[in-house]
Structure formats: structure tokens, C-alpha cells
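Subject: Structure handover

Hello,

Here is the structure for your files. My notes on what was found in it follow below.

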Amino acid sequence: MTAFKPLVFSGVQPTGNLHLGNYLGAIRKFVALQESNDCIYCVVDLHSITAQLVHEDLIGQIRSIAAAFIASGIDPEKHIVFNQSAVPQHAELAWVFNCVARIGWMNRMTQFKDKAGKDRENASLGLLAYPSLMAADILVYRATHVPVGDDQKQHLELARDIAMKFNLDFKEKIRATGTGVDIVVGEEPVHAYFPMVEPMIEGPAPRVMSLRDGTKKMSKSDPSDLSRINLMDDAEAISKKIRKAKTDPDALPSETEGLKGRPEADNLVGIYAALADTSKANVLAQFGGQQFSAFKPALIDLAVSVLSPVTTEMRRLMDDTAHIDAILRKGGERARARAEKTMAEVADIIGFLR
């Protein structure tokens, strides 16, 4: 192999209901990426037990994410859709990476600090080692590109650090096994087994905020269901939530500068722009000077027209669990074939007896 074959990998955790933020910020991007890339899309169920060990219906949540992938337009025949736990090599490589990574690297991860809070001693070891498993998710397929949001950039940097340390620590053995690729990192030539994975940032990612508080991200964990639009919401629920969405008394501005200091207005305009695949400036050119009483009905119509086909197909798929399970099973088999090859080569590089 003279170069790493371009490959896109990404995953979504099966925790709680998928909402509009997940759709606009991740899943819709996955659909666009598949048009010109070889893609692997994973329901990362091993990650889901790092913060919450016991789930009432983890199988149902896994199926729901897979249904959302397919209903949104991801083609499981051309690409691979599977659940992480079906491919044990993710966990196997994660253990190797636990031994490559340094404790200091993990302690610097801001997401661990945020999730563990003040009671760090009571957080699970899995939560601390989460980024090592994320690196394994990507690199067990020697993926070259990952679509990421702001909250995962640091983890992707860690994946690069782990890959680089493995490549340097085992450089002689990589060359001896004939499994490496000559790359340049910065100005340094490296004979690498793992690629330096690159982030894919496709334009400004829509940052979808809570419908009840424009300063907080839309979240599955918010106790108020009115704070988010779930992908399984019907037209009536979407209408109710947008009508009840928090706003301010002023009319919409004519230019984006006028959205500063108005988080709820900025959020609703941003949602409209993302759903319409346009800019906030274009939305304000159309609705500037109008009150929310005029803007909200237009936003409701747009949201329902975009999301209803996805919701309808998700419901159909969720009623046919055998079909979803068959897609995940087939995807798991295809993913496992790739992952087994990687782990066999990693075992040879490290020196495990096979």
C-alpha cells in the first residue's frame, strides 16, 4: 500500500431521543458525505454505557439510531451501517490504545472534566478512557476522515496523538511486517501503520439551541420535552413546540448583526436557515421587520415539510425491527471483516503469538 485509502468514519450514541440538533449537526451531513466518499456509520453502543451503565431499552435505542440513519437517506448497501458492540475489535484495539495513551493525555480531556464534574473519583474508568475507545473506533478501519463538531475536536487530536505514538514506537516492526505507508507529518517523514486522521468540517455547523433557553444546546437530557424537536415528533408536536418556543418582544432584524444579544431569535433564525439550506442573512432578508407571530408559522411549515418524511420512514422502520436488525447484522459482518484484518496486523506488529 502506497497511500491510505480515503475512508470516512463517524458514530452516534444510542442515548435518549434523537432531536433536531442531531439531525442538522450530524446525520444530514452523513447523508451528504456518502455521495463522494466511502463511509462507515456506527451506532456506538459501547460508548453509551460510559456515563450510564444501565439502560431501560438499549436495543430499542440502537435500532432508533439505525432507523434515523436509513430514514435520512444513508444507503446501507453502498456504505456500512452497524452497531459497535457487534465488532469486538473496537474494544480489543481500545485496550492496546489504553497502553499507548498516557494518563496525562486523558486527564486533559475537557469533556471528561465536564461530565465527571466535582465527583471525579466516582466517575467510571470507562468515562475517562472514552477517547481511547473513540480512537479505536476510527483507526480499527484505518479511517482517514471524521466529521466532527466542536465538542469532539479534542478527542480527534488525541486519536492523532495515539496513532503517531504507535507509529513511532513500532516503526521498525511496522516496516518489518510490510504493512506501513510512508507519510509526512509536519516536515517529518513517518512510516506509519495508522493514518493521521483529519477532521471534516463542512461549512459552519448549525448550532441548534434549546427552544426554552437560547443559551443552552438542544439536548436529549433536558427534562423539558418542549426544549427540543425529536425526530419522532409528529406535525402537531412540532407545531406546538415552535409556537411555545421562547422569543423576545422585538421584531426580527433585517441584518444578522441585529441578532447579537438575542439568543432565542438567533436560534430560531438559525434553525430556519439550516432547514432551508440557506444563510441567516437570506432568512432575515425575507422576514426582517416581521414579528415572531408571522415568522413562527413559516418555520413550522418548513420544519414539518423537511422532517415529516424522515419521521414517517423512521416509524415504518421501527415497526419492522427484523429489517433493521438484518441491516445491522450485515453491516456488522462487513465491518468485522475489515477490523479483523487490522487487528491481525496490529498483533503481528506488537508481537502477539497468533
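**Asp137 and its surroundings**

Apart from neighbours within four places in sequence, Asp137 is in contact with Phe9, Val44, His47, Gln84 and His90, where contact means heavy atoms within 4.5 Å. This is a predicted model, in which local features need pLDDT of at least 70 and side-chain atom pairs count only at pLDDT 80 or more, while totals for chains, interfaces and linings use all residues. Residues are numbered from 1 along each chain as its sequence is written, and side-chain values use heavy atoms, with hydrogens and water left out.

Asp137 sits in helix H6 (residues 125-139); helices (H or I, at least four residues) and strands (E, at least two) are DSSP runs, numbered from the N terminus. With 2% relative accessibility, Asp137 counts as buried. The classes are buried under 20% relative accessible area, exposed over 50% and partly exposed in between, with a 1.4 Å probe and protein chains only. The side chain of Asp137 makes a polar contact with the side chain of Gln84 at 2.8 Å. A polar contact is a pair of N or O atoms within 3.5 Å; within protein, one must be able to donate a hydrogen and the other to accept it, and residues adjacent in sequence count only if both atoms are side-chain atoms. The unreviewed UniProt entry has a "binding site" annotation that covers Asp137. UniProt positions are in the numbering used here, feature names are shortened, and annotations may be inferred rather than shown by experiment.

**Cores**

A nonpolar core here is a set of buried Ala, Val, Leu, Ile, Met, Phe, Trp, Tyr and Cys residues joined through side-chain atoms within 4.5 Å. The largest one has 60 residues, and those with the most contacts inside it include Leu20, Phe69, Leu268 and Phe295. Helix H12 (residues 292-318) supplies the largest share of this core, 11 residues. A second, separate core of 56 residues includes Phe82, Phe97, Val100 and Val181. Beyond four places in sequence, Leu268 touches Leu211, Ala245, Lys246, Thr247, Phe292, Phe295, Lys296 and Leu299.

**Loop residues**

- His19 lies in the loop between strand E1 (8-12) and helix H1 (20-33). His19 is buried, at 4% relative accessible area, and its side chain reaches the backbone oxygen of Met218 at 3.4 Å.
- Arg142 is in the loop between H6 and strand E4 (145-147). Arg142 is not a glycine, yet has a positive phi of about 50 degrees; at 10% relative accessibility, Arg142 counts as buried.
- Asp277 is in the loop between H10 and helix H11 (280-287). Asp277 also has a positive phi, about 55 degrees, although it is not a glycine, and is exposed, with a relative accessible area of 67%.
- Ala251 is in the loop between helix H9 (235-243) and helix H10 (263-276). Ala251 is partly exposed, at 22% relative accessible area, and touches Arg262, Gly289, Gln290 and Gln291, not counting residues up to four places away in sequence.

Regards
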